[in-house]
Amino acid sequence: MAEIRVQNLQKAFGAFVAVKNSNFVVEDGEFFVMLGPSGCGKTTTLRMIAGLELPTSGQILLGGEDVAFRRARERDIAFVFQLFALYPHMNVRKNMGFPLLAQGMPKAEIRARVEETARLLRIDHLLDRSVSGLAGGDRQRVALGRAIVRRPKCFLMDEPLGTLDAEFRDLMVNELRELHNRIHATTVYVTHDQHEAMAMADKIAVMNHGVIEQFGTPRDIYDHPATMFVADFIGSPPMNFLAFEGTLAPGDRSVTVQGAPVAVPELREGATGGHVLGARPEHVRFDDASRLRGAVYGTEYLGTQQIVTVETAGGMVKARIPADVRISTGETVGLAFDAARLSLFEAAGGRALATAAREIAAREAGHG
Amino acid sequence: MSAAAHSVVVPSTTAKRVAATLVIVYALISMIPLLWIFATSFKTPPDSIAYPPKIVFTPSIEGYCNLFTTRTRQTREYIDALPAPTGFCDETTRKRNMVIAGPSNFLPRFVNSLVIAFGSTFCAVFLGTLAAYGFSRFRVPLADDLLFFILSTRMMPPIAVAIPIYLMYRELGLSDTALGMILLYTAVNVSLAVWLLKGFIDEIPREYEEAAMIDGYTRLQAFRKVVLPQATTGIAATAIFCLIFAWNEYAFAALLTSGTAQTAPPFIPTIIGEGGQDWPAVAAGTTIFLVPILVFTILLRKQLLRGITFGAVRK
């Protein structure tokens with residue numbers, strides 16, 4: 001296993017720049033997820049690490065060696081494709097043994113390794129079956145098996161659960177993470193599904209328009225989004241945004257939104273002009289004393305919780321509150337926030353402002 | 001019926017019967033000439049030119065005897081002085097006041113046809129597969145123009161280029177050689193092969209080769225071990241089309257071959273019997289000529305069907 005270090009990686013297709021100046025490090029044994037909407041450059045980045053695309057410029061260090069312009073077969077990596085790419089003319093055993101055959105491994109050893117891997121993935125009973133007759137989850141396991149069997153430097157996975165139905169996906173998410181915990185393989189996993197990313201990743205890079213918007217742990221990304229894009233992309237429902245104007249100074253602990261004072265984490269930088277207050281739905285409370293008021297627009301009952309949409313002068317705000325609170329549509333409510341959990345952004349550009357909350361989180365991440 | 005649920009239009013039993021009747025009637029009409037040739041090949045020469053034509057006749061393999069032999073006319077005394085006939089062909093020939101002088105040219109011509117048709121089919125499919133893979137997977141500059149150029153070589157009728165090719169072949173010493181004919185048929189067929197195979201290879205997801213290349217194989221190995229096995233249907237269909245063309249081709253063969261490299265199509269009509277065309281022998285030659293293509297087509301009929309409906313069932 002090896003560390004993956006991506007430095008100033010750039011990829012252009014003609015005039016279109018798919019990946020802009022990417023930098024990140026996947027530490028040895030880490031499960032790294034690249035998350036973003038389709039067309040954000042995550043798959044292109046993965047394919048460059050794999051050697052299926054050559055970068056326009058930049059470096060990809062695999063275990064300290066720059067492999068950016070090497071052929072795929074010289075990189076010693078394994079790739080799991082979205083559609084699995086199991087060779088249809090070979091049975092499960094041959095599919096899994098195919099990478100070992102390339103290395104010129106003796107037949108008996110291939111057999112032993114394939115069987116060992118199959119047992120690890122609990123597919124040893126399928127070894128002599130044709131791949132075309134397999135169910136989605138089993139295909140997925142065979143594809144994983146073909147990747148694991150070689151014991152490569154790292155695993156690259158391109159939306160491998162994308163074609164499975166929701167129920168099965170949850171199962172495979174657990175299985176994948178459990179597998180990772182057992183073999184500690186450096187893994188780069190691409191997905192557009194935030195739940196998959198949150199559930200599996202040690203580190204996440206959120207990408208948009210070829211740029212990494214944020215790189216961090218799932219907790220860091222959820223609690224302290226670096227940009228409004230990240231705040232909006234992660235979380236369901238996404239973060240609420242309330243725009244306000246004003247001059248902010250370092251040390252401020254309160255901002256004025258729609259004429260109401262709102263306590264926020266202590267600011268570490270000053271800013272002028274348009275700003276946006278970001279609040280996760282679970283950090284919104286109803287408080288009749290609050291001067292920030294709105295009318296209940298609708299509720300979504302989720303069993304243990306409900307999502308209440310409130311129409312304020314500055315737009316809709318969604319609150320996640322216990323399901324037993326009785327709320328009726330049209331009712332006027334006051335909104336209060338969990339001050340320590342709020343984020344502040346620049347309206348132009350969407351960058352998050354430095355606050356005490358972010359500082360503490362960064363310090364904790366540094367220690368961890 | 002769950003199967004019916006997937007079909008847009010469910011044909012009724014009556015519709016199916018009408019369709020089947022139409023197909024059978026059409027097939028019978030199409031097959032009459034072939035059946036007539038087959039029947040003629042088992043007639044005696046007098047039966048073959050009898051008027052009114054004989055539908056019912058005593059079968060004879062005289063046509064086949066005449067196809068494979070050359071005969072000379074002899075006097076009755078000469079024939080009577082010969083030792084007893086050694087077989088049916090010998091006996092029949094003697095009854096017509098002739099003796100077998102030796103084997104005819106049919107067998108070598110038939111072998112020429114086999115060598116030239118299968119040889120050129122192999123070359124066309126081999127080159128076509130490589131070219132189609134290249135067009136399908138790489139960014140080839142001017143790919144569309146090149147593909148059109150390749151197709152355009154088929155737009156002229158063969159007879160329009162026959163004379164220039166004849167002159168070129170004479171200069172190059174390729175006239176009446178198997179190599180010349182293989183080259184010519186390959187050139188004609190390769191355009192068809194590239195176009196057909198490109199469609200088939202386009203359908204094979206790139207991920208298969210990418211997976212193989214990541215698994216440690218070179219592109220050529222990935223092509224051989226992963227792409228080729230999946231392209232077999234397309235390759236088989238293309239091979240049949242190429243083979244049928246090369247096997248049946250008459251114009252070029254008649255013009256460019258006369259002796260050692262002559263193929264069966266121009267040879268068969270030249271079988272001359274005593275006092276006119278020996279129709280049973282011509283029919284026998286035609287019947288035998290049909291066999292290889294029939295066998296090949298039946299063996300690969302599934303692929304051929306897919307080749308014919310190619311493009312119609314996708315997208």
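**Entry 1: A:Asn21**

I looked up A:Asn21 and found it in strand β2 (residues 16-26) of chain A. The model is predicted, so I read local features only at pLDDT of at least 70 and side-chain atom pairs only at pLDDT 80 or more, while totals for chains, interfaces and linings use all residues. Residues count from 1 along each chain as its sequence is written, and chains are lettered from A and ligands numbered from 1 in the order in which they are written.

A:Asn21 is not a glycine, yet its phi is positive, about 45°. Most residues other than glycine have a negative phi. The cut-offs: buried means 20 or more other C-beta atoms within 10 Å, exposed means 12 or fewer, partly exposed is in between, and C-beta atoms are placed from the backbone.

**Entry 2: B:Asn97**

I then turned to chain B. B:Asn97 has a positive phi of about 60° and is not a glycine. I place B:Asn97 in the loop between α6 (88-95) and β2 (98-103) of chain B. B:Asn97 counts as partly exposed because it has 14 C-beta neighbours inside 10 Å.

**Entry 3: cis peptide bonds**

Most peptide bonds are trans. I noted a cis bond from A:Ser236 to A:Pro237, with omega near -5°. A:Pro237 sits in the loop between α8 (228-233) and β11 (240-245) of chain A. In chain B, the bond from B:Tyr51 to B:Pro52 is cis, with omega near -5°. I find B:Pro52 in the loop between α3 (45-48) and α4 (62-68) of chain B.

**Entry 4: A:Glu30**

A:Glu30 is in the loop between β2 and β3 (31-35) of chain A. A:Glu30 has 20 other C-beta atoms within 10 Å and is therefore buried. What does A:Glu30 contact, leaving aside neighbours within four places in sequence? I list A:Thr186, A:Asp202 and A:Lys203. A contact here is a pair of C-beta atoms, placed from the backbone, within 7 Å.

**Entry 5: domains of chain A**

The domain assignment gives domain 1 (4-223) and domain 2 (238-367) in chain A. Such bounds come from an automatic or database assignment. The C-alpha centres of the two domains lie 37 Å apart. An unreviewed UniProt entry annotates residues 4-234 of chain A as "domain: ABC transporter". UniProt annotations may be inferred rather than shown by experiment. Over residues 4-234 I read 36% helix and 26% strand, with the end C-alpha atoms 25 Å apart.

**Entry 6: strands in chain A**

I traced an open sheet of 5 strands, with antiparallel pairing and the order β15-β19-β16-β17-β18 (chain A). The twist averages 45° from one strand to the next; axes are lines fitted to C-alpha atoms, and angles run from 0 to 180 degrees between N-to-C directions. Two strands pair if DSSP finds at least two bridges between them. β15(A) and β19 (residues 332-337) of chain A are joined by 3 bridges and run antiparallel. A:Val284 has A:Phe337 as its bridge partner in β19(A).

I also looked at a hairpin: β12(A) and β13(A), with 2 residues between them. A:Gln258 in the turn has a positive phi of about 50°. Strands β12 (residues 254-257) and β13 (residues 260-263) share 4 bridges and run antiparallel. Within β13(A), A:Ala263 is the bridge partner of A:Ser254.

**Entry 7: cores**

The largest nonpolar core has 147 residues. A core is a set of buried Ala, Val, Leu, Ile, Met, Phe, Trp, Tyr and Cys residues joined through C-beta atoms within 7 Å. Among the residues with the most contacts inside it are A:Phe79, A:Leu156 and B:Ala193. Helix α10 (residues 178-202) of chain B gives the most to this core, 13 residues. Apart from it lies another core of 14 residues, including B:Phe110 and B:Val282.

**Entry 8: chain contacts**

I ended at the interface. 14 residues of chain B are in contact with 17 residues of chain A. On the side of chain B that touches chain A, α11 (207-214) and α12 (219-230) each supply at least two residues. The largest share of that side, 6 residues, comes from α11(B).

Definitions and conventions. Two residues are in contact if their C-beta atoms, placed from the backbone, lie within 7 Å.
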